[in-house]
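Biologist: Could you take me through the charged pairs here, one question at a time?

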Amino acid sequence: MKILLHICCGPCLIYPLRILREKQAKLTGFFFNPNIHPSREYLQRAETLAVYANQAGLTVIWGDYRPEDYFQRVTHREEERCQICYRIRLEATAACAKKLGCDGFSTTMLYSKFLKHDLIRELGQLIAQETNISFIDHDFRLGWQEGVAISREMGMYRQNYCGCLYSERDRNRSRVDGFLQGQWQSPPGL
């Protein structure tokens, strides 16, 4: 089966790549993540993926990076940001897969234990019906620890937020709130 695999980052590719290759899938990667902010974060993730994909012998198609498209769709709809984000990336993946003549598409978003799997699956199936191309649904979270361990052994860059401005803000919210309330502790050496 020829599959186009949407890739959010290098570390999240490790386990899904192994599983899909074990199933004899012919894979091409697709790095399309207009949600990632700021651009230096995008570049760090892209560079990490490029190194790993080269080592793993995986061809990757590099989608356009147009964060303004994502942010225009999310502005004033922050509560829907994950649904919008997943949809944008899955629609682009399905369209690219269809153009390449693939049998199906999937995503490494199904690897992260931090994302909304039910929503990703629902959108994947819906987009599959709309585009008449199969969505390969596999719960890659089973290999979470394996992927984390391997990525650490390899010294891969591992981000600490989903990618969008909102997730970065939420990750730092308690630190910012503590600072604003005068509870900030300076790091050692300052």
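Biologist: How many residues apart do Arg18 and Glu22 lie in helix α1?

Modeller: This is a predicted model, in which local features need pLDDT of at least 70 and side-chain atom pairs count only at pLDDT 80 or more, while totals for chains, interfaces and linings use all residues. Residues are numbered from 1 along each chain as its sequence is written, and side-chain values use heavy atoms, with hydrogens and water left out. Helix α1 covers residues 10–22, helices being DSSP runs of H or I with at least four residues, numbered from the N terminus. Both residues belong to this helix, and their spacing, about one turn, is 4 residues.

Biologist: What distance separates the closest N and O atoms of Arg18 and Glu22?

Modeller: The two form a salt bridge, meaning a side-chain nitrogen of Lys or Arg within 4 Å of a carboxyl oxygen of Asp or Glu. Arg18 is partly exposed at 31% relative accessible area, a class lying between buried (under 20%) and exposed (over 50%), with a 1.4 Å probe and protein chains only. The closest N and O atoms of Arg18 and Glu22 are apart by 2.6 Å.

Biologist: Which helix holds Glu146, the residue that pairs with Arg18 across distant parts of the chain?

Modeller: Arg18 also forms a salt bridge with Glu146, the closest N and O atoms being 2.9 Å apart. The pair links distant parts of the chain, 128 residues apart, and Glu146 lies within residues 144–154, that is, in helix α6.

Biologist: How many salt bridges does the structure hold?

Modeller: One of them joins Asp139 and Arg121 at 4.0 Å, N to O. The total for the structure is 11.

Terms used:
Helix = DSSP H or I, 4+ residues; strand = E, 2+ residues; numbered from the N terminus.
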